[in-house]
Amino acid sequence: MTEASGLAGALASRLRALWGTETEVTGVRPLPGGASRESWDVRVRTAGDAHLPVTERRLILLREASGRTRYPDKNVAVEAAVMTAARMAGVPVAEIYDYGTGDQHCALGRAYLLMERLDGETIPRRLLRDEAYAAVRPRLARRLGEVLARIHQVDPDSVPGLPRVDALGQAAALYQAFAEPRPALEIGLRWLAGHQPAPAADALVHGDFRTGNLMVGEDGLHGVLDWELAHRGDPRQDLGWLCTKAWRFGSASPVGGFGARADLMAGYAAGGGTPPDEDTQRWWELYGTVRWALLCRRQAERYLAEDEPSIELAVLGRRVCEQEYDILLALGHAAPLAVTDPLEGLEDHAATPHDRPSGPELLRAVREFLTTEAGGTDPRLRFHARVAANALRIAEREALLATAHAQRHRARLAALGCEDDAELCATIRDGSLDHRFGEVVEAVRAATIDKLTVANPGHLTLPG
């Protein structure tokens, strides 16, 4: 029995019990993406009778990955309750049909959410570039503001068990838990701590409201997805997160790549929200960049320390330096920079006594295979094959440049009187090198550029 067929049988049994009618699961297909849990497209047919016709539906199943315990009982229950409350408040959200907590009585053996499937597109590069969405793009920033205002008007007390999150405290705790010195993050966290705005009244916060978690059709917004990080806290977090540079996907438009902040805030005000001032919005956008750096590192930790075999999680660890450079950009400590990809124009020579294809040529052949052929018709395998091809590029660049980069970094630290990154971080934290802060920033910037030259040189060209 395949995983899909076993899942289809379990779902059919559960849906018969829920709906009280004969139900057949006619298709179960894995969907790509999602570093947190599995996504499945489910097709269902319910039997008709003399009074009711045969009905066909498409559902989405979100399920805990095998061996994971990321979604304990109350988390799934809270997520379902948040989505239901938001839907009742007029937010475009999928209807929840069922959920399971993953205990011994769970219908699917693991924690899950089963909901209606919304039509539309979520892939950012399509939404931001395809002609099909050209007409709707200019309207989305305002519409997203209106929807966020509706979310923030949901009474957080109406959702039992909704956790309260101190945003900056959570970020600082996550950074400290890694016990890994990162000077650029120290600079960002220090600035956030020194410029924190006055708190706002608690509200329901989506927690991950951004391009990629929005279902959009050619006629507008169809749904808000991925409520697993919902909590009670400062509602301005959602406004800042939506405008964080990472979620613009290369676009110059700050609101998720779609439009201007003025349009977002106009929609937020029209929906009944109180827009933040510019300084407060800037704080939350920088917070979003620091937070995404930490979340990328947390995802990589699942691969590094928790033995979760995922190429996607592994590669996320090499995206931390993107956010580090974006922190420096946001604070005026860096500017966009054109850097040639070290792999461009690389000459191929066999290393004596070895034959050709040379090592670099073989690596290129594997990358081309992963990009063009691997995965077949399975969308998840195709996605992971592209991620694996990117991992090879990173490894090739590092093999070329690692020795020179390590020598330069030791020289930078020595010039500041620091033995290692941990000592440099301590001086940023306690201010003992503030009289040489320009030199500190220069060293941190240079190290971050080296890291990005290996991980993703194209990111250096993007404006803040």
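Tryptophan 284 and tyrosine 287 are both buried, a term that here means under 20% relative accessible area, with exposed meaning over 50% and partly exposed lying in between (1.4 Å probe, protein chains only). The model is a predicted one, in which local features need pLDDT of at least 70 and side-chain atom pairs count only at pLDDT 80 or more, while totals for chains, interfaces and linings use all residues. Residues are numbered from 1 along each chain as its sequence is written, and side-chain values use heavy atoms, with hydrogens and water left out.

A search of the whole structure finds seven aromatic pairs, where rings of Phe, Tyr and Trp (its six-membered ring) pair if their centres lie within 6.5 Å, and where planes under 30 degrees apart count as stacked, over 60 as edge-to-face and the rest as tilted. Because the ring centres of tryptophan 19 and tyrosine 97 are 5.8 Å apart and the ring planes stand at 90°, this pair is edge-to-face. Distant parts of the chain are linked by the pair, since tryptophan 19 belongs to helix H1 (residues 3-19) and tyrosine 97 to strand S4, 78 residues apart; helices (H or I, at least four residues) and strands (E, at least two) are DSSP runs, numbered from the N terminus. Tryptophan 19 counts as partly exposed, at 23% relative accessibility. Tryptophan 284 and tyrosine 287 also form an edge-to-face aromatic pair, with 5.3 Å from centre to centre and 75° between the planes. These two residues are three residues apart in helix H9 (residues 278-304), and therefore about one helical turn separates tryptophan 284 from tyrosine 287.

Ring pairs also link Trp241, Trp247, Phe249 and Trp292 into a cluster. The charged end of arginine 210 sits over the ring of tryptophan 247, 4.0 Å from its centre, and that of arginine 291 sits over the ring of tryptophan 241, 4.3 Å from its centre; the criterion is that NZ of Lys or CZ of Arg is within 6 Å of the ring centre and within 35 degrees of the ring normal.

Side chains of opposite charge can pair when their charged atoms come close. The structure holds 43 salt bridges, each defined by a side-chain nitrogen of Lys or Arg within 4 Å of a carboxyl oxygen of Asp or Glu. One of them joins aspartate 41 and arginine 58, at 3.2 Å from N to O. Aspartate 41 lies in strand S2 (residues 38-46) and arginine 58 in strand S3 (residues 55-63), so the pair ties together parts that are 17 residues apart in sequence. Aspartate 41 is buried, with a relative accessible area of 2%, whereas arginine 58 is partly exposed at 32%.

A further salt bridge, at 2.3 Å from N to O, is formed by the side chains of arginine 429 and glutamate 186. Because arginine 429 lies in helix H14 (residues 421-430) and glutamate 186 in helix H6 (residues 183-194), parts 243 residues apart in sequence are tied together. Arginine 429 is exposed, with a relative accessible area of 53%, while glutamate 186 counts as buried at 6% relative accessibility.
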